[in-house]
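Here is a short briefing to read alongside the structure. Please keep the viewer open and follow the topics in turn.

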Amino acid sequence: MIGIENIIFLIVAAVGIGLFVWQIRKIRKNVLMGRDTDLADNPSERINKTLLVAFGQQKMFKRMLPAVLHLFVYVGFIVINIEVLEILIDGIFGTHRVLGFVGPLYSGLMALNEILAALVIIACAMFLWRRNVTKVPRLATGVEMRAWPKMDANVILITEIVLMLALFVFNIADLKRVLLAGEEVVGAYPVSHFFVDIFGEDPDQLYIIAKVGWWFHILGILAFMNYLPSSKHFHIIMAFPNVYYSKLLPKGKFTTNPAITHEIKAMLDPSYQPPAPEVDAEGNPVMQRFGAKDVEDLTWKQLMDSYTCTECGRCTSVCPANITGKLLSPRKIVMDTRDRMEEKGEHPAIFAPNHYKEMGVERMETTEEKTLLRGYITPEELWACTTCNACVESCPVNIDQLSTIMDLRRFLVLEESAAPASLNAMFTNIENNGAPWAFPASDRFNWADELYVPSKN
Amino acid sequence: MEENKRLVKVPTMAQMAANGEEPEILFWVGCAGAFDDRYKRVTRAFVQILEHVGVKYAVLGTEESCTGDPAKRAGNEFLFQMQALTNIEVLNAYNVKKIVTACPHCFNTIKNEYPDLGGNYEVIHHSTFLQQLINEGKVKVQGGEAFKGKRITFHDSCYLGRANDIYEAPRDVLAALDADLVEMKRSRANGLCCGAGGAQMFKEPEPGKKDINIERTEEALATLGAGNGVIATACPFCMVMMNDGVKNKDQEESVKVFDIAELIAQAEGLSK
Ligand code: SF4
Ligand code: SF4
C-alpha cells in the first residue's frame with residue numbers, strides 16, 4: 001500500500017540521490033581540469049588488476065590487523081548494500097521485507113548481514129581506538145593531518161557505528177513484534193535474537209521503534225552518501241576506477257615528453273621535420289608547460305589519484321625521506337593536490353580547502369602564490385625524493401605519488417632553472433664530459449688497464 | 001697463481017666492427033663503473049667473469065656516455081633526451097642487440113626509457129646474467145667454502161627491485177656461495193632506499209634528523225650481528241652509500257661491502 005509515508009520517502013530519496021549526482025558532477029569537472037592522457041590500453045590486464053587490488057584488497061594484506069578489520073567493513077559495505085536496495089523498494093512501495101520471497105537465500109543473506117554489521121561495529125570501534133588512543137603514528141602525525149582530516153576520520157567511523165546500530169534497532173524491534181504477533185519470521189536474525197529483551201512488549205511501541213530505526217538508517221545512508229565527496233571515505237567509490245587506470249608499466253619507467261624529443265631531433269638534424277604543433281579550437285597552438293606548476297598541468301589520472309587517497313599514510317611511513325626527518329610526505333603531495341584542485345575548481349558541499357599558511361605550521365613555508373607549487377608544495381619537499389617508489393608500492397589504491405613529484409620537479413628545472421646548485425653542476429658535467437662527475441671523457445676506459453685473469457690450466 | 005695469469009685486452013665495439021665481428025653482448029659499464037674508484041673494481045671483476053666463461057663481449061670504451069638517468073630523475077628531461085638520443089645513435093650504428101650492465105640505473109633507463117626514443121635492446125642486469133651463468137653451470141663457485149658460515153645480507157636496489165621487479169636473481173647468486181644469507185627487516189618490495197637514487201647522489205640531502213644511508217646501514221648492521229659480515233649490493237650508488245654508512249659507524253674493519261659480481265669472482269678464484 002502506497003501512502004503518504006512512501007511519498008515522503010520518495011522525495012527524500014530523490015533529493016539525496018540528486019544531491020549526490022550534483023556533487024559527483026563537480027568532482028568530474030575538477031578531474032577533467034587535468035591534461036589528457038590515454039589510459040585505455042590493455043583492458044584485460046586492467047580488469048585483472050582491479051579485481052585483485054580493488055575488489056580483492058590485495059595490497060591491504062601487507063599489514064594484517066588493519067587488513068582484517070578493513071575487510072569486515074568492506075564486505076559489510078557490499079552485503080549491506082543489498083539490504084539497502086530492499087529498503088529502497090520497501091520505502092517506495094510500502095512493502096515489508098520485499099525480498100523475503102527468495103526464502104532460505106534471504107535468511108542466509110539477513111544472517112550474514114547481521115553478523116557483518118556486528119563485525120563492522122567491532123572493527124570501527126577498534127579503528128577509533130587506533131586513531132585516538134594508541135595513536136598509530138602514520139595516522140596521527142604529519143602537517144597534512146590537520147583538523148579536518150582528523151575529524152573526518154572520526155566522523156566516518158562514528159557514523160558507521162551509528163548506522164549499524166540503527167539497523168539493529170530496526171531488526172530487533174521488527175523481530176520482536178513479529179514474534180509476539182505469532183507471525184512467520186521472514187529471514188534469520190542471529191544477532192538480533194540475542195537482544196529482543198531490550199525492548200518492551202507493547203506492539204505499537206515496537207512498531208514505532210522499528211520505524212524510527214528504519215528511517216534513521218536510510219536517512220543516515222543518504223546523508224553519508226553526500227558526505228563522501230568531501231571525505232577521504234570517497235575511496236570506497238574511487239578505488240575502483242583509480243586502480244583500473246593505474247600504471248601498468250614498470251615503476252622505473254618515467255614519462256617521456258615528445259615535444260622535447262622533436263626539439264632535440266631538430267637540433268641534432270636540421271633537416272628533421274617536427275610534426276605541426278597541436279592547435280586549440282580557435283586554431284592557436286596549444287602551449288604546454290614543461291612539467292607541472294599547478295593542477296591543470298597534471299594529468300586527469302594524477303588528479304583522480306588525489307580523490308582516491310584514503311589518507312592512510314602508508315606511503316609516508318615507508319618514505320625514506322620522511323623516515324629520516326625530511327619535510328617530504330608523499331601523502332601530503334596527494335592531499336595538497338586535492339586541496340588546490342578544489343580551491344581552483346569547485347568543491348563539494350561540506351568541505352572547504354584550507355591552507356597551511358593559516359595554520360602556522362612550523363617549517364612549512366608556503367608562499368602567497370596560489371599555485372600547487374610553492375602555494376602548497378615547497379621545492380624543499382620535492383628535492384628530498386629519492387624516486388625510490390616505496391610510496392607507490394605501498395599504496396593500497398594504486399596512487400602514483402612519484403609521478404606528481406617528478407612533474408613538479410621538472411617544472412622547477414625546465415621552466416625556472418631552479419635546481420640546487422650541485423645538481424646544476426652535475427648537469428654541466430654530463431653536458432661537457434658525458435658523466436655526472438668532472439672527469440675527462442678520455443679517461444673513461446682507464447679501468448681496463450692492467451687487468452688480469454688466471455689462465456686456464 | 002701469480003705465474004698463471006694472463007693480461008686481458010678488453011675488446012671495444014669499434015675494434016669488433018673493424019674486424020667485421022659482432023659480440024654476443026655489449027657490456028654497458030656506466031659512469032660509476034668507469035670513474036668511481038671503488039666501482040671500477042666491480043667492473044673489473046665482471047670482466048674477469050666474462051673472460052673466464054668465454055662469452056663474446058665488447059664495451060664501448062670512450063664512446064660510451066652517461067645514459068642520462070641522473071638528469072632525468074632530477075627533472076632535466078631535456079638533457080636526458082639529449083644523452084639518450086646520442087647514445088641510441090651509437091648503439092644502433094653498431095647494431096647492438098643485447099646489453100648487460102652492472103648498474104640498475106643504466107639498466108632501467110636503457111630498458112624502459114630508451115624504447116620511446118628509438119632504442120630497442122634486450123637489456124639484462126648483471127645479477128640476472130650471473131644467475132644464468134650459475135644455472136648453466138658455467139660458473140661453479142668452487143671456492144664457495146670461503147663464505148661458509150659468513151653472514152651476508154643483500155641490500156635491494158630500488159631501481160632493480162621495485163622499479164623492475166628483480167628480487168630473486170641477486171639472492172640466487174648469493175645462495176650459490178653457500179653463505180648464511182640473512183634478510184634485513186625491510187627487504188624486497190619493502191626495501192629501504194640507500195638514499196642515493198633520484199639524483200640524490202649528486203647533492204646534499206635536505207635537512208632532517210638523519211641521513212638515509214645511516215638509517216639503512218644501522219639496519220644492515222643489526223641484521224648481521226656483531227662483526228665479520230658482508231653487505232652485498234648490486235648497484236654502484238648503493239655501494240657508495242653503504243660504504244659511507246659503514247665508515248660512519250666505524251665498522252669498516254669487520255663489515256665489508258661487496259658487489260655480487262665481486263663475490264662470485266672471489267669464489268671462482270678470479271680475483272683476490
Ligand atoms: S619515491 Fe619519493 S616520495 Fe615516494 S617513498 Fe620514495 S622518496 Fe618518498
Ligand atoms: S597516497 Fe595511498 S598510501 Fe598514501 S595516504 Fe593516500 S591512500 Fe594511503
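A:Cys124 is buried, with a relative accessible area of 0%. Keep in mind as you read that this is a predicted model.

**Cysteines**

- B:Cys158 is in no disulfide either; the nearest cysteine sulfur, in B:Cys193, is 3.9 Å away.

**A helix pair in chain A**

- Helix α4 (residues 104-132) of chain A packs against helix α6 (residues 147-181) of chain A at an angle of about 155 degrees, and their axes are 9 Å apart.
- Because of that angle, α4(A) is roughly antiparallel to α6(A).
- The crossing of α4(A) and α6(A) is left-handed.
- On the α4(A) side, the residues in contact include A:Ala117, A:Ile121, A:Cys124 and A:Leu128.
- On the α6(A) side, A:Leu157, A:Ile161, A:Met164 and A:Phe168 are among them.

**The sheet in chain B**

- An open sheet is formed by 4 strands of chain B in the order β3-β2-β4-β5, with parallel pairing.
- Its edge strands are β3 and β5 (122-125) of chain B, each of which pairs on one side only.
- Strand β2 (residues 25-28) of chain B has B:Ile25 and B:Phe27 pointing one way and B:Leu26 and B:Trp28 the other, and all are buried.

**Neighbours of β2(B)**

- With strand β3 (residues 57-58) of chain B, β2(B) pairs in the parallel sense over 2 bridges.
- In that pairing, B:Ile25 stands opposite B:Tyr57, and B:Leu26 stands opposite B:Ala58.
- β2(B) is joined by 3 bridges to strand β4 (residues 98-101) of chain B, and the two run parallel.
- There, B:Trp28 stands opposite B:Thr101.
- Helix α3 (residues 37-53) of chain B lies across β2, β3 and β4 of chain B, running at about 165 degrees to β2(B).

Methods:
Residues are numbered from 1 along each chain as its sequence is written. Chains are lettered from A and ligands numbered from 1 in the order in which they are written. This is a predicted model: local features need pLDDT of at least 70, side-chain atom pairs count only at pLDDT 80 or more; totals for chains, interfaces and linings use all residues. Side-chain values use heavy atoms; hydrogens and water are left out. Buried means under 20% relative accessible area, exposed over 50%, partly exposed in between (1.4 Å probe, protein chains only). Two strands pair if DSSP finds at least two bridges between them. A disulfide is a pair of cysteine sulfur atoms within 2.5 Å. Axes are lines fitted to C-alpha atoms, for helices over the stretch in contact, and angles run from 0 to 180 degrees between N-to-C directions. Angles under 35 degrees count as roughly parallel, over 145 as roughly antiparallel, 65 to 115 as roughly perpendicular and the rest as oblique. A crossing is left-handed if the near helix is turned anticlockwise from the far one by less than a right angle, and right-handed if clockwise. Contact means heavy atoms within 4.5 Å.
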